[in-house]
Amino acid sequence: FNFTYKPLFDSDGKVYAIIHAAIDVTKQVQLQKQKDEFLGIASHELKTPVTSIKAYAQVLERMIRSEGDEKKASMVSKMDQQLNRLTSLIGDLLDVTKIQSGKMTFNPVQFDFDSAIVDMVEDVQHTTSQHVIESDLKSGVQVFADKERIGQVMINLLSNAIKYSTDSNKIDVKSYVENGEVIFSVRDYGIGISKEAQPLVFDQFYRVGGNMQHTYPGLGLGLYISSEIIKNEDGRIWVESEERKGSTFYFAIKHI
Ligand code: ADP
């Protein structure tokens, strides 16, 4: 039950009655649980065939390429890129259901922070020929955290920097140590985010300007998942931005 109390005041400001309401939320909670379970099962079921199609597409691309038909090979390669997008969307949905049911697992290991950034920057640089990602990595520290999940956050921030800066081509990545924390930052020179929207971008499903799927595709989950991961690592994640000038996303975690 959800209980609410509301006092009623007379003209002297004295309480003369209290309204008491009890709302049965059992049904709402049950429905929400069913919805979460469905999302979990649906995304899990979608993952299997997509993984299999992806494996076939890669074999097919190699076969066509070896026959020397570049045009057909590049079509299959485009299919493969779209399958990557699909895999990452399904992965995000699965992560959200894991977060909501408290089942997201973390396996901390010791790793070199700057080397992890180099790997992630290389992966993301491969996805774009329009942008140049420049790195200035000065942390030189090791961290003890879930390497995959931290990499996932780096990729989310880097991909957003690319996605929301279609009219500029430069992206700056930095790492440094400050007050016992190691900081990662990604600066873009893209569309930027208004002051009002900045605190909301880490919310689930929030997208600036509602659903702009025609301009920028996405589900509004990447930053929510990233902030949950960083929270779990006892870190902080934040943004500084100015509309039409660009954005800088940061996260800070403890280092060894
Ligand atoms: P998605 O990009 O799939 O919509 P995110 O959770 O990654 O979801 O981001 C939430 C919203 O924050 C985006 O829809 C966009 O409006 C805004 N945003 C995120 N990164 C940037 C960026 N680098 N520049 C401008 N806006 C951004």
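## Ligand shell

The shell around the ligand is made up of eleven nonpolar, six polar and three charged residues. This description refers to a predicted model. The shell holds 20 residues in total, and those that come nearest to the ligand are N160, Y164, D188, R207 and L223. Three elements each supply at least two residues of the shell: helix α4, residues 147–163, helix α5, residues 222–232, and strand β9, residues 246–254.

In the side chain of R207, an N or O atom is 2.5 Å from an oxygen atom of the ligand. For the side chain of Y164, the corresponding distance to a ligand oxygen is 2.7 Å. Both Y164 and R207 are also listed among the residues that come nearest to the ligand. At G222 the backbone is involved, with an N or O atom 3.2 Å from an oxygen atom of the ligand. The ligand taken alone exposes 530 Å², and 97% of that area is buried by the protein.

## Strand β9 and S247

One of the residues of strand β9 is S247. S247 has a relative accessible area of 3%, so this residue is classed as buried, the limit being under 20%. Its side chain makes a polar contact with the side chain of S241, at a distance of 3.0 Å. Strand β9 is also one of the elements that each supply at least two residues to the ligand shell.

## Nonpolar surface patch

A nonpolar patch lies on the surface and is formed by F1, F3, Y5, F9, V15 and I18. Together these residues have about 740 Å² of accessible area. Strands β1, residues 2–9, and β2, residues 15–23, each supply at least two residues of the patch. The most comes from β1, which gives three residues.

V15 belongs to strand β2. The relative accessibility of V15 is 47%, which means that V15 counts as partly exposed.

## Salt bridges across the chain

The whole structure contains eleven salt bridges. In one of them, the side chains of D80 and K54 meet with an N to O distance of 2.9 Å. D80 and K54 are both buried.

A second example joins E181 and R236, whose closest N and O atoms are 2.7 Å apart.

What is the distance between the closest N and O atoms in the salt bridge of K231 with E228? The value is 3.0 Å. K231 and E228 both lie in helix α5, three residues apart, or about one turn of the helix. At 52% relative accessibility K231 counts as exposed, while E228, at 22%, counts as partly exposed. Helix α5 is also one of the elements that each supply at least two residues to the shell around the ligand.

Elsewhere, salt bridges that share partners join E61, R65 and E70 into one network.

## Positive phi in loops

N179 is a residue other than glycine with a positive phi, near 45°. N179 lies in the loop between β6, residues 170–178, and β7. Its relative accessible area is 73%, so N179 is exposed, the limit for that class being over 50%.

D234 is likewise a residue other than glycine with a positive phi, in this case near 60°. The loop that holds D234 runs between α5 and β8. D234 is exposed, with a relative accessible area of 60%.

Terms used: Residues are numbered from 1 along each chain as its sequence is written. This is a predicted model: local features need pLDDT of at least 70, side-chain atom pairs count only at pLDDT 80 or more; totals for chains, interfaces and linings use all residues. Side-chain values use heavy atoms; hydrogens and water are left out. A residue is near a molecule or strand if one of its heavy atoms lies within 4 Å of it. A polar contact is a pair of N or O atoms within 3.5 Å; within protein, one must be able to donate a hydrogen and the other to accept it, and residues adjacent in sequence count only if both atoms are side-chain atoms. Accessible areas come from the Shrake-Rupley method with a 1.4 Å probe; for residues, only the protein chains shown count as cover. Helices (H or I, at least four residues) and strands (E, at least two) are DSSP runs, numbered from the N terminus. Ala, Val, Leu, Ile, Met, Phe, Trp, Tyr, Cys and Pro count as nonpolar, Asp, Glu, Lys and Arg as charged, and the others, Gly among them, as polar. Patches are made of residues with over 30% relative accessible area and no salt bridge: like charges are joined within 9 Å, nonpolar side chains (Val, Leu, Ile, Met, Phe, Trp, Tyr) within 5 Å. A salt bridge is a side-chain nitrogen of Lys or Arg within 4 Å of a carboxyl oxygen of Asp or Glu. Buried means under 20% relative accessible area, exposed over 50%, partly exposed in between (1.4 Å probe, protein chains only).
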